[in-house]
Amino acid sequence: MNSVQNFEIFAPKLIDRKEYISAGHRACQGCGEVLALRHILKALGDDVVVANATGCMEIISSGYPQTAWEVPYVHVAFENAAAVGSGVEAALKALRRKGRIADRDVKTIAVAGDGGTADIGLQALSGAMERGHDMIFFCLDNEAYMNTGIQRSSATPFMAATTTSPAGKAIPGQRTQKKNVPEIMVAHKVPYVATACPSYPIDLINKVKKAKEVKGPAYVHVFSMCPTGWRCASEITIKMGRLAVETGVFPLYEVENGKYRLTMEVPGKLRPVGDYLKPQGRFRHLGPSDIEKVQAQVIREWEILLNKVECMQPW
Amino acid sequence: MAKKKTEQKKWPEKWHEVNPGCMVFAAGSAANYKTGSWKSQRPLTDNAKCIKCGICYIFCPEACIQEVKDGFFEANLDYCKGCGICAHECWPGAIVMREEEE
Amino acid sequence: MIEIRWHGRGGQGAVTSVEMLALAAIEEGKYAQGFPAFGPERRGAPVMAFNRVSDKPIKIRSGIYRPDVVVVLDPSLVGLVPVTDGLKPGGILIVNTTKPAEDLRKKLNYSGKLFTVDASHIAREELGVPIANTTMLGAVLKATGVLSLAAMKSPLEHRFGRVAAKNMSAMKRAFNEMKSAKAA
Amino acid sequence: MGKRIGMEVAIAAAEAVALCNIDVAAVYPITPQSHIAEHMADIIHDGRIDAEFITVESEHSAISACAGASAAGARAYTATSSQGLMLMHEILPIVSAMRLPICMANANRAVSGPLNIWNDHGDIMPQRDSGWICLFTENGQEAIDLSIMSFKIAEDPEVMLPCVVNIDGFQLTHMIEPLELPSQAEVAKFLPPRKPFAQLHPDNPISMGCFAMPDTYTETVKAKETALINSKKIITRVFSEWAKRFGRKYNVVETYRTKGADTLMLTMGSMGETAATAVDEMRKAGKKVGLVKLRLWRPFPVEELKAAIKECKTLIVMDRAISTGGAGGPVATDIKSLLYGDKTRPRILNVIAGLGGRDLTVEDFVAMFEMAKKKKDETYELYGVRE
């Protein structure tokens, strides 16, 4: 999967040159999350309103008296981005109908980290998606509470060391498997669910544009590499995303009305998961048998996904 | 290049000068904050090797690499945090990172 | 001011009765309150509901503990709940029952004013169901004179629409068929 | 004026809000607020008003959705009670800090535990520092009038703060009583559509809900505090306009038979009417007693209260909530501290009563009066507790 070759054709010509999140934001060096956000916003254009959860993207972008946002933006709290987005969407609908704002489509998007999505924000997300608001929810998943200092979330992968799932002598890191929020969204019958990664920007942009076309709820789960939290070098951010995809740790796919489709080349054999784990300090404590355990799990999940791709019919 | 947008006339503000609800009316005004001071190394581009693919522009988390004349790309060092992604991802090897002191 | 306490079972429409009576009184230009006993009771459980009706504004927000009138919607409540508790001297007890008044007096150890009517029977005949709440309104109007039968027309129509007429005639029958028990 | 009609107060509160040209309502049902939620749904589903009804999955999302809607420029409404209000707690001060003029009805109910669905003021008291304008209603008519006025107050450019109208659960919400609903035309004249100070729209991309560093947070607190305190002026102005248009006069502090009274009772909410009847009875018996009723709880109307109690020797504050482990009832605690420096202040006694739906009759107010009068010190009493 050498997506780099494609860039000669696509990039940068097909990418909106306008920046919607300005330089001067305070994300860490090599932040994959703000890069994901940058391309999401490029794919959406001007006519959006952003409801953001408390988290890295909020803190790095909106310290009074400045904002990095070039689009209308609101932050209220940690767990309620989907609910705030619901209100924004309802208001835009009502005010447009009543002639109090311009008569054109404006898309509401909600943005949260993995904690604000899979943990504390899950209820609000479930409610908003079930109610069918015309809204895209973006989970920018860096696999832990990075904003507060790398504490584990339910999206933290098996065995990963965080400050609340440390690699101890008795318990070597995260004991549980990563919660699969895209699956939960499919179970909500959300018409468009996708996974994406900024290491594959064209794929990401295409998915965001597709999500924007949906009249109703859509969910995009974006793998957001975090050199700080994963304890790896900042320059390998993009490579880490690529490795996550190529090893099958984070497969890229989309689900349109229940029909699964892989949006990555399907390798004959996945790359060994060790290639992905080894550059990251959070997996440093893993011995060969641990890596085998992770490998077995990744293959099992991958096969389940392939099975769905093959068997699931659209609604 | 990020535009410079100014909203605050003076800083710090008195209590009655703070915008209601801490709203910020100048979009993109974070550009007033120069993150260039964060970097310990800076990207150097050898235009002879550059094929103008723009991958450095695409993968820059700061959005500080922009196209300049003749289709080459250049990092705005006012904002570049020196993460090194551009050098790492530049497959023709046109970008290298240099320590700031050098 | 007249204070009325209704006894029924959850689902029998005691709250509807107090609502109809309060709405009718207000429409007649009087002041009135109608409210349930604020409990967690579900269908079947003994419940209470209350009315206050007055010619002057009512400035009391408490429950009713010394009613002028007690209405028993369900015959099976007699002897089961203390329906005569707090009933004022000279107060009125109105019971939906098939039993003779003497039996009730004995069972309740009650010697005050007593009215009986077989409202379940009337309701079954007029409405097809033994739900006596609107029927018993007729008895209350007759026994207390608090409002005219005609005053009930508008709230009943508003609430019951097509079947309002049936409720009206059930109410009228109770008004006419209610018996005043002999003084003890 | 409109005709007097019989209506349940919760339904009337929803009808009143329907007259206010709201754009978005986000409501989660809870006893005893549920009739407001249900009737709001009826009104919107029948197409009687042009608004979006968001059937949120929790009160936390109700207030959050209102925040989003209000930030986008909508007139937003919610209603809740007790545990629901407690669940909203986190978002309440954010909404006021963001200067979003959301209006809310709170059907006052005790807080768990143990679970109790009945009336007291234990739910609103933990919210008193959240920066919301906090009004109390004594009867159904006030629930209607204050619900309508709350939007006008909240949205005033000098205020821009959220407002909660407290309607005692069951005692008021479930009461059918005579009420007057103003006409749609009259309300439209009184309350035009919301003109937001700022709103989320790509035509003017602003950022809302930005965070403040230690160099600014204190200034934002001062700004919110000042706006809340100054809102009293606007509240009074809106009350006068209401009186002019609709003939019903409201004051931030109401008085009843205070002339010549050496003892005053002080109540908030639906206790007021029963207490007034008790005052009538005690006056008949020759006791020099009167009544003060706080309509406005936040901002605290300290000057108006001082004026109302300046002639009395004893003030008996009836609290329907307790500050557990603190100085007694929250109303009395506030009054005591606000009058601390006042050399002419009356003796302030505090009776906590009517908790978790414990009924308060006319006789109870007389008994509380007698009990308080006998007190030697100024510590609080919990009325009616079985010893």
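Predicted model: local features only at pLDDT ≥ 70, side-chain atom pairs only at ≥ 80, totals over all residues.
Local features need pLDDT of at least 70 and side-chain atom pairs pLDDT 80 or more, while totals for chains, interfaces and linings use all residues. Residues are numbered from 1 along each chain as its sequence is written, and chains are lettered from A in the order in which they are written.

**View 1. The nine-stranded sheet.** The strands (DSSP E runs of at least two residues, numbered from the N terminus) follow the order β8(A)-β7(A)-β5(A)-β6(A)-β4(A)-β3(A)-β1(A)-β2(A)-β9(D). The sheet is open, with mixed pairing; two strands pair if DSSP finds at least two bridges between them. β8 (259–262) of chain A and β9 (207–208) of chain D each have a single partner strand, so one side of each lacks a neighbour in the sheet.

**View 2. Strands β3 and β4 of chain A.** β3 (residues 107–113) and β4 (residues 135–141) run parallel, joined by six bridges. A:T108 has A:M135 as its bridge partner.

**View 3. Helix α3 of chain D.** This helix (a DSSP run of H or I, at least four residues) covers residues 59–71. Its 13 residues reach 18 Å from first C-alpha to last. That is close to the expected 18 Å, which is 1.5 Å times one less than the number of residues. In α3(D), 13 of the 13 residues are buried (20 or more other C-beta atoms within 10 Å of their own, C-beta atoms being placed from the backbone), so the helix is largely enclosed by the rest of the structure. Just after α3(D), D:G73 takes a positive phi of about 105 degrees.

**View 4. Contact between chains A and B.** Chain A gives 35 residues and chain B 36; residues are in contact if their C-beta atoms, placed from the backbone, lie within 7 Å. On chain A, α1 (7–10), α2 (32–44) and α10 (237–246) each supply at least two residues.

Definitions and conventions: Buried ≥ 20, exposed ≤ 12 C-beta atoms within 10 Å, placed from the backbone. Contact = placed C-beta atoms within 7 Å.
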